[in-house]
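Subject: Structure handover and findings

Hello,

Here is the structure for you to look over. My notes follow below it.

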Amino acid sequence: MQNLTIENFGPIKQAEIEIRSVLVFIGPQASGKSTISKAIYFFKSLRDDLFRYLLDILNGIEEAPAPPGYSLSQFGRRARDKFLGIYGPVAHFALMRLYYDYGNGVYVAVVPSNDGLGFTNVWLGGSFGEKFKLLVQDTVTFRQKAEELRRDRFLSSRETLRFEAEQ
């Protein structure tokens, strides 16, 4: 079961929504229907963004993250930029909080930064942050292994197919 909580964002003061396969929003203009729909889209599409991020690391498009926590901040910046692309500047919502619970101890929160500059942070919480770090670490390790394998010798077609399957 997935849940979305929104506090002090746009026209919404407080909303807790259980995400089901079909949701219908009915209400007057400017009551928050689009705000909620965009939030659901944002949180649901993060999985695709995570997969794209890992592929970018694997293919050398994204710089391989250095310290273990750095990968979180790299992906967090991508997620924040996406959020701002959907909603535009949100600095005037100083008390906002969007929280999406995917279940099984995995959640993502969007909150204002506490630096006083009006920025927005996207946090991967619960077991999500740790699982994410492990995925990135495995991707970086595989990329290094692939670079070494390609650099050290010529691969036969059989080895190339096996390597691509593993990738």
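At which residue does α1 bend, and by about how many degrees? The bend is at Leu-46 and comes to about 35 degrees. A bend here is the angle between axes fitted to the seven residues ending at a residue and the seven starting there.

First, the ground rules. This is a predicted model, with residues numbered from 1 along each chain as its sequence is written; local features need pLDDT of at least 70, and side-chain atom pairs count only at pLDDT 80 or more, while totals for chains, interfaces and linings use all residues. Side-chain values use heavy atoms, with hydrogens and water left out.

**Layout**

The protein chain has four helices and five strands. Their order from the N terminus is β-β-α-α-β-β-β-α-α. Elements are DSSP runs numbered from the N terminus: helices are H or I with at least four residues, strands are E with at least two. The chain has 167 residues, and 38% of them count as buried. Buried means under 20% relative accessible area, exposed means over 50%, and partly exposed lies in between (1.4 Å probe, protein chains only). Take contacts between residues at least 6 apart in sequence: 51% join residues at least 24 apart. Contact means heavy atoms within 4.5 Å.

Helix α1 covers residues 33–58, 26 residues in total. From first C-alpha to last it reaches 38 Å, close to the 38 Å expected at 1.5 Å a residue. The expected span is 1.5 Å times one less than the number of residues. Just after α1, Gly-60 has a positive phi of about 80 degrees.

Leu-46 counts as buried because its relative accessible area is 3%. Beyond its neighbours within four places in sequence, Leu-46 is in contact with Phe-75, Ala-79, Tyr-102 and Val-108.

Strands β1 (residues 2–9) and β2 (residues 12–19) pair antiparallel over seven bridges. Two strands count as paired if DSSP finds at least two bridges between them. Phe-9 has Ile-12 in β2 as its bridge partner. The two strands form a hairpin with two residues between them, and Gly-10 in the turn has a positive phi of about 60 degrees.

Asn-8 is partly exposed, at 30% relative accessibility. Asn-3 is also in β1 and is partly exposed, at 27%. Asn-3 and Tyr-99 are 96 residues apart in sequence but 8.1 Å apart in space, C-alpha to C-alpha. Setting aside neighbours within four places in sequence, the contacts of Asn-3 include Ile-17, Ile-19, Tyr-99 and Asp-101.

Asn-104 has a positive phi too, near 55 degrees. Asn-104 sits in the loop between β3 and β4. Asn-104 counts as exposed because its relative accessible area is 76%.

**Nonpolar core**

Which members of the largest nonpolar core touch the most other members? Of its 35 residues, they are Leu-4, Phe-9, Phe-43, Phe-83 and Leu-98. At least two core residues come from each of β1, β2, α1, α2 (70–87), β3, β4 (106–112), β5 (120–126) and α3. Helix α1 gives the most, with 10 residues. A core here is a set of buried Ala, Val, Leu, Ile, Met, Phe, Trp, Tyr and Cys residues joined through side-chain atoms within 4.5 Å. Outside four places in sequence, the contacts of Leu-98 include Phe-9, Phe-43, Phe-83 and Val-110.

**Aromatic pairs**

Rings of Phe, Tyr and Trp (its six-membered ring) pair if their centres lie within 6.5 Å; planes under 30 degrees apart are stacked, over 60 edge-to-face, and the rest tilted. The count comes to 13 aromatic pairs. Tyr-100 and Tyr-102 form a tilted pair, 4.6 Å centre to centre with 55 degrees between the planes. Tyr-102 and Phe-128 have ring centres 6.4 Å apart and planes at 70 degrees, so their pair is edge-to-face. Tyr-102 lies in β3 (residues 97–103) and Phe-128 in α3 (residues 127–152), so this pair ties together parts 26 residues apart in sequence. Tyr-100 is buried at 0% relative accessibility, and Phe-128 is buried at 15%. Ring pairs link a cluster whose members include Phe-9, Phe-42, Tyr-87, Phe-93 and Phe-128.

Best wishes
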